[in-house]
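Thanks for coming. I will take one part of the fold at a time, and then two single residues.

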Amino acid sequence: MQQGEIQIQAFGPDHIEGAVALSRQENWPHRPQDWQMALQLSSGAVALDDQGRVTGTILVTPYGAECAMINMVIVDRNVRGKGLGRRLMEQAFDLAGDRPLRLVATTDGMPLYQKLGFVPSGTILQHQGKVAELAAADGVEAAGADDLPEIKALDREAYGADREALIDALAERGQFAVIRRNGAIEGYAAIRPFGRGEVIGPVIAGNVEDAKALISFFATSRPGAFLRVDTDSRAGIADWLGEIGLAHVGGGVTMDRPSRKDAAQARPKVYALANQALG
């Protein structure tokens, strides 16, 4: 196949079936519903071969004007090495405009991202499995709809960007829990169906013990359920996740690319855990 036979188009709902097939080729767990949520929050592009098959995907999730996250970057292994990944990234740059960019890179993708101006900023550790029996979490309660504005404000402070649309999408599909002290929310976590089971994240907390309590709140209510948690390696909870039955199964490198206007993009405050929950 010649590179010219591959066409780049806007990612639409009609492409989800092909995107699911492509992600399964990579042993990713994403269901059609997971792709639908990602597309609901994002703009993107697909690569189509001369028979209309999806051979590449990329999504750009804007978080206000502060930044955008590049997600779901896949190139069919049968057409790799022909510059398709770069073409998809160029589409992502157009969609993102002047926003600083963030992504989580695999080992295979890092060389291209570095050539395109991304620099490593951290490491994500993916944990999954069935949680061992845990004691009930103290000081954590289920959140209600009235808590969403305060959750959004806390999330923006922690993440450094406006993820209001993400939180609304999570509220449609899952549940929230909060830690409340002196009438104010000091930490929150979300859980929703994903892949083989459920994913816990984002988790925003001011310290490690609060992060553990938020995760435990959901884990103790789902004995035997398959759960996934992605954590920053600096968060200090990776060993604990392994101890409770969530094995380390991989991860990636977080990378940042400053906007054309800014020489550098400040990272948010250090919080215990932050998972953007799409990929």
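Let me start with a pair of residues: S43 stands opposite V60 in β3. S43 belongs to strand β2, residues 43-48, and six bridges join β2 to β3 in an antiparallel arrangement. On terms, two strands count as paired if DSSP finds at least two bridges between them. Helices (H or I, at least four residues) and strands (E, at least two) are DSSP runs, numbered from the N terminus.

Before going on, the caveats. This is a predicted model, in which local features need pLDDT of at least 70 and side-chain atom pairs count only at pLDDT 80 or more, while totals for chains, interfaces and linings use all residues. Residues are numbered from 1 along each chain as its sequence is written, and side-chain values use heavy atoms, with hydrogens and water left out.

Back to the strands. β2 and β3 form a hairpin with five residues between them, and G52 in that turn has a positive phi of about 85°. On to β4: seven bridges join β3 to β4, again antiparallel, and Y63 has C67 in β4 as its bridge partner. This hairpin has three residues between its strands, with G64 in the turn at a positive phi of about 60°.

How much of β3 is buried? Nine of its 10 residues are, so the strand is largely enclosed by the rest of the structure. Buried means under 20% relative accessible area, exposed over 50%, and partly exposed in between, with a 1.4 Å probe and protein chains only.

Next, helix α1, residues 16-25, where the buried residues are I16, A19, V20, L22 and S23. Down the helix axis they fall within an arc of 165°, so they line one face; the arc is taken from the directions from the axis to the C-beta atoms. An α-helix has 3.6 residues a turn, so residues three or four places apart point the same way. E17 and R24, on the other side of α1, are exposed. The buried residues pack against α2 (32-40), β3 (54-63) and β4 (67-75), where contact means heavy atoms within 4.5 Å. After α1 comes N27, with a positive phi near 65°.

Last, the two single residues. T254 lies in strand β12, residues 247-257, and is buried at 11% relative accessible area. Its side chain reaches the backbone nitrogen of G122 at 2.9 Å. A213, in helix α7, residues 208-220, is buried at 15%. Leaving aside neighbours within four places in sequence, A213 is in contact with A137, D138 and V140.

Note on methods
Polar contact = N/O pair within 3.5 Å; in protein donor to acceptor, adjacent residues only side chain to side chain.
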